[in-house]
Amino acid sequence: MTEQSHPGGLGAIGGTPVARIGYGAMQLFEASPDDAAAVLRRAVELGVNHIDTASFYGPGEVNRRIRAALSPYPGDLVIVSKVGARYTGADPMPLAPAQRPAELRAAVEDDLRQLGLDCVPVVNLRRLDLPPTIPAGDDEVVDLDDQLAEMIALRDEGKIGAIGVSSVPLDVVRRALPAGIACVQNSYSLLDRSQEKTVALCAAEGIAWVPFFPLGSAFPGVPKVTDNPVAAEIAGELGVTPAQVGLAWLLAHAPTTLLIPGTRSVAHLAENVAAAGVTLGAGALKRLDAVAPPSHG
């Protein structure tokens, strides 16, 4: 595996080297099976070897499409899933909590069956601590220690390779550290720097920082990086797209950052991967750093 052949150079997740630009598969449920297969296969051709999924995407359909398109899997492919929710199809948040330890275990079993794996390399515990909010009743507010105990048991049994956490504030990340956390997934972008202290902790601990919504979100009221005038201005100066500027800023901002931008389009996939070749000079970085103030998280 060489840095040249993997977009963004090499990072690591759970001790395994991966390209710093990966692929988030959530949107594949909205694509046709043929289009989904084309995107997945092209991603691997472009050097992507980190694919993020979940059994509640679809539900299960995204996992099945990954298996249909890529199995037998390339030897260096790291598939990362997440547990803690179930699919409802409701609008605008199509998920409901599934936080109890037995539900976490059942979701891992779904992953194994749907993906055709003996072990999921990394599984994130998707908590309810931070937006985007999944409404929860009292019976779905589960203590972190109980959840981590189940995740550790699954790791000890060889059903998962490493544990990550998602949608968690800094204090929860710190509480989870003794379990041996491989990655943290929170919402974060050029326009949303509410997790800056968590980013710094991940860098200090050598934990993969995997921001979701790296370019903003389609959720109402969430701004998009592609609409930001500073990003657009710098993109014009460099002859690239605002999205590529937003992704390049994330890669430059913290050394343990791994990106998983999602798309249903092969052309858009190629554009995202090409962000690895965008070099932001000191002046551009200073202007982008000033777009949104860092805050606690």
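This is a predicted model: local features need pLDDT of at least 70, side-chain atom pairs count only at pLDDT 80 or more; totals for chains, interfaces and linings use all residues.

Trainee: How many bridges join strand 4 to strand 5, and how many join strand 9 to strand 10?

Mentor: Strand 4 (residues 50-52) and strand 5 run parallel and are joined by three bridges; Ile-51 has Ile-79 of strand 5 as its bridge partner. Strand 9 (residues 163-166) and strand 10 (residues 181-185) also run parallel, with four bridges between them. In that pair, Ile-163 stands opposite Ile-181 of strand 10.

Trainee: Why is strand 5 described as largely enclosed by the rest of the structure?

Mentor: The reasoning rests on burial, which means under 20% relative accessible area. Six of the six residues of strand 5 (residues 78-83) are buried, so the strand is largely enclosed by the rest of the structure. Val-78, Val-80 and Lys-82 point one way, Ile-79, Ser-81 and Val-83 point the other way, and all are buried.

Trainee: Where does Thr-256 lie, and which residues does it touch?

Mentor: Thr-256 is in the loop between helix 8 (242-253) and helix 9 (266-274). With 16% relative accessibility, Thr-256 counts as buried. Residues up to four places away in sequence aside, Thr-256 touches Cys-202, Ala-203, Gly-206, Ile-207, Ala-208 and Trp-209. A polar atom of the Thr-256 side chain lies 3.1 Å from the backbone oxygen of Ile-207.

Trainee: Turning to the backbone, which peptide bonds are cis?

Mentor: The omega angle is the value to read. From Gly-58 to Pro-59 the peptide bond is cis, with omega near 5°, and Pro-59 is in the loop between strand 4 and helix 2 (61-70). The bond from Pro-131 to Pro-132 is cis with omega near 0°; Pro-132 lies in the loop between strand 8 (122-126) and helix 4.

Trainee: What is the phi of Ser-167, and what is that of Phe-213?

Mentor: Ser-167 has a positive phi of about 60° although it is not a glycine. Ser-167 is in the loop between strand 9 and helix 5 (170-176) and, at 1% relative accessibility, counts as buried. Phe-213, also not a glycine, has a positive phi near 55° and lies in the loop between strand 11 and helix 7 (229-238).

Trainee: Finally, how should I read the pockets?

Mentor: Consider volume, then lining. The largest pocket holds about 1200 Å³ of space. Among its 40 lining residues, Met-26, Gln-27, Phe-213, Ser-217 and Phe-219 are the closest to its centre. Its lining comprises 19 nonpolar, 15 polar and six charged residues. The second largest pocket has a volume of about 330 Å³. Of its 20 lining residues, Pro-131, Pro-132, Ser-187, Asp-192 and Phe-213 are the closest to its centre.

Notes. Residues are numbered from 1 along each chain as its sequence is written. Side-chain values use heavy atoms; hydrogens and water are left out. Helices (H or I, at least four residues) and strands (E, at least two) are DSSP runs, numbered from the N terminus. Buried means under 20% relative accessible area, exposed over 50%, partly exposed in between (1.4 Å probe, protein chains only). A polar contact is a pair of N or O atoms within 3.5 Å; within protein, one must be able to donate a hydrogen and the other to accept it, and residues adjacent in sequence count only if both atoms are side-chain atoms. Contact means heavy atoms within 4.5 Å. On a 1 Å grid over the protein atoms alone, a cavity is a set of points where a 1.4 Å probe fits but cannot get out, and a pocket is an open set with protein on both sides within 12 Å along at least five of seven lines; lining residues have an atom within 4 Å of a point. Grid points are joined across faces, edges and corners, and a volume is the space filled by probe spheres set on the points. Ala, Val, Leu, Ile, Met, Phe, Trp, Tyr, Cys and Pro count as nonpolar, Asp, Glu, Lys and Arg as charged, and the others, Gly among them, as polar. Two strands pair if DSSP finds at least two bridges between them.
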